[in-house]
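Let's take a friendly look at this protein and its ligand.

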Amino acid sequence: MHILVLNGPNLNMLGVREPEHYGTETLADLEAMISEEAARLGITVTFFQSNHEGALVDKIQEAYGTADGILINPAAYTHTSVALLDAVKAVQLPTVEVHISDPDSRDEFRKISYIRQACIATVKGKGFPGYLEGLRLLAEHIREK
Ligand code: CA2
């Protein structure tokens with residue numbers, strides 16, 4: 001099983017700023033944590049982070065035919081991007097949306113998620129371990145199919 005793990009804009013700044021929302025660990029720490037869980041579950045993972053919407057759309061399209069599922073934190077594009085929603089709908093791969101913080105308990109504009117309607121689940125407000133939960137949900141879903 002192969003899962004594509006996508007992180008959106010500014011998540012390359014993890015561990016550098018805003019520890020009150022996103023903790024003190026880096027994106028590399030996060031990816032190492034996910035790799036460990038993936039190995040335990042017998043899954044292969046590929047990571048990609050971008051600050052550019054089109055680059056994320058391209059990666060989602062590339063997943064068609066090469067990945068079994070997508071774990072995505074679209075970051076700010078969660079609240080703005082119909083393009084990411086359409087990309088996930090187009091590839092028809094099981095997708096889990098994950099957020100480190102709980103966007104619903106923050107600014108009003110963070111309550112909207114476009115991508116959510118194309119996802120099998122959303123995990124939010126659980127910090128980095130939320131990605132591991134998302135990975136397990138995806139694996140279970142794919143294995144059941
Ligand atoms: O909680 C999450 O994971 C978010 O997707 C993070 C996004 C935010 O726009 C969403 O509403 C919720 C922001 C990512 C910014 O990441 C930073 C990390 C460190 C320092 C500054 C920004």
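## Fold

Helices (H or I, at least four residues) and strands (E, at least two) are DSSP runs, numbered from the N terminus. On that basis, the protein chain runs β-α-α-β-α-β-α-β-β-α along the sequence, with five helices and five strands.

This is a predicted model, in which local features need pLDDT of at least 70 and side-chain atom pairs count only at pLDDT 80 or more, while totals for chains, interfaces and linings use all residues. Residues are numbered from 1 along each chain as its sequence is written, and side-chain values use heavy atoms, leaving out hydrogens and water.

## Ligand shell

Around the ligand you will find 16 residues, the closest being Asn 73, His 79, His 99, Ile 100 and Ser 101; a residue is counted if one of its heavy atoms lies within 4 Å of the molecule. By type, the shell has eight nonpolar, five polar and three charged residues, where Ala, Val, Leu, Ile, Met, Phe, Trp, Tyr, Cys and Pro count as nonpolar, Asp, Glu, Lys and Arg as charged, and the others, Gly among them, as polar.

## Contacts and burial

Which side chains place an N or O atom 2.8 Å from a ligand oxygen atom? Asn 73 does, and a polar side-chain atom lies at that distance in His 99 and in Arg 110. The protein buries 94% of the 500 Å² that the ligand exposes when taken alone (accessible areas by the Shrake-Rupley method with a 1.4 Å probe, for residues with only the protein chains shown as cover).

Conventions: A polar contact is a pair of N or O atoms within 3.5 Å; within protein, one must be able to donate a hydrogen and the other to accept it, and residues adjacent in sequence count only if both atoms are side-chain atoms.
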